[in-house]
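Okay, let's get going. Have a look at it first.

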Amino acid sequence: IDLAAGGAVAPTLDLAWNVGPPNLGVPVPQGGGSLVAQGRVSGPTATPRIQMNAKAEDLIFGTTRAAAADVTADVDLAPGGTISLDLASQGVRSGEQVVKELTVRGRGTRSSHTVTASALTEEDRLDVALAGGIAGTTENIAWNGQIQRLDVRSKLIGTWGLAGPAG
């Protein structure tokens, strides 16, 4: 595994890292594929900001596979800190289920954010949008929000969608 990190951990975090194992099958049992990632962790240790970019190819974990995946994240865990997450993957297979494209996008803060996701198969499509927030302590955490959008277009069951937000 090629892993490098450098920076400071006290009095506040300022640590940059990168990883690039040529074969994830070596460190991950039942795994395989390649991953290149880099990022930075900064700020107070209790509420750091985590920034990351990762690119993976031919990922394997047990019976789940992905031909390609790209992840970009910028998560500030400070109160009111912003969250930005983007995942795009292609050729996802789990058992007999095959998803040609899977995308997830998150924006906002812990207390007020949106998450959208879409999955496209050979014959079907699913689009979901959520809006809400996380409240509570680590011991008693809860997500409260609404399903803003839920659209299904399927050869088997037809076209379905929410008439309005639900939650």
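Let me open with a question: is R40 buried, partly exposed or exposed? R40 counts as partly exposed, because its relative accessibility is 34%. The scale here is buried for under 20% relative accessible area, exposed for over 50%, and partly exposed in between, with a 1.4 Å probe and protein chains only.

Quick housekeeping. This is a predicted model, so local features need pLDDT of at least 70 and side-chain atom pairs count only at pLDDT 80 or more, while totals for chains, interfaces and linings use all residues. Residues are numbered from 1 along each chain as its sequence is written, and side-chain values use heavy atoms, with hydrogens and water left out.

R40 makes a salt bridge with D14, with 2.6 Å between the closest N and O atoms. The pair links distant parts of the chain, with R40 in strand β3 (residues 31–43) and D14 in strand β2 (residues 13–19), 26 residues apart. By salt bridge I mean a side-chain nitrogen of Lys or Arg within 4 Å of a carboxyl oxygen of Asp or Glu. Strands are DSSP runs of E, at least two residues, numbered from the N terminus. D14 is partly exposed too, at 39% relative accessibility.

Another of them is D70 with K55, where the closest N and O atoms are 3.4 Å apart. D70 sits in strand β5 (residues 64–76) and K55 in strand β4 (residues 49–61), so this pair ties together parts 15 residues apart in sequence. D70 counts as partly exposed at 30% relative accessibility, and K55 is partly exposed with a relative accessible area of 44%.

Then there's D86 with R107, closest N and O atoms 2.8 Å apart. Here D86 is in strand β6 (residues 82–94) and R107 in strand β7 (residues 97–109), 21 residues apart. There's also a network: R125, D127, R149, D151 and R153 are joined by salt bridges that share partners.

While we're in β7, take a look at T109. T109 counts as buried, at 18% relative accessibility. Its contacts, setting aside neighbours within four places in sequence, are G80, G81, T82 and I83; contact means heavy atoms within 4.5 Å.

Now the strand pairing, which I'm calling when DSSP finds at least two bridges between two strands. β3 and β4 are antiparallel over 11 bridges, and they form a hairpin with five residues between them. In that pairing, G32 stands opposite I60 in β4. β4 also pairs with β5, again antiparallel, over 12 bridges, and there M52 has A73 of β5 as its bridge partner. That hairpin has two residues between the strands, and G62 takes a positive phi near 60 degrees.

As a reminder, most residues other than glycine have a negative phi, and most peptide bonds are trans. What is the peptide bond from A10 to P11, cis or trans? That one is cis, omega near 0 degrees, and P11 is in the loop between β1 (3–8) and β2.

Q30, in the loop between β2 and β3, has a positive phi near 60 degrees. Q30 is exposed, with a relative accessible area of 63%. D58 has a positive phi as well, near 50 degrees, but D58 is in strand β4. At 52% relative accessibility, D58 counts as exposed.

That's me done, thanks.

Notes: Helix = DSSP H or I, 4+ residues; strand = E, 2+ residues; numbered from the N terminus.
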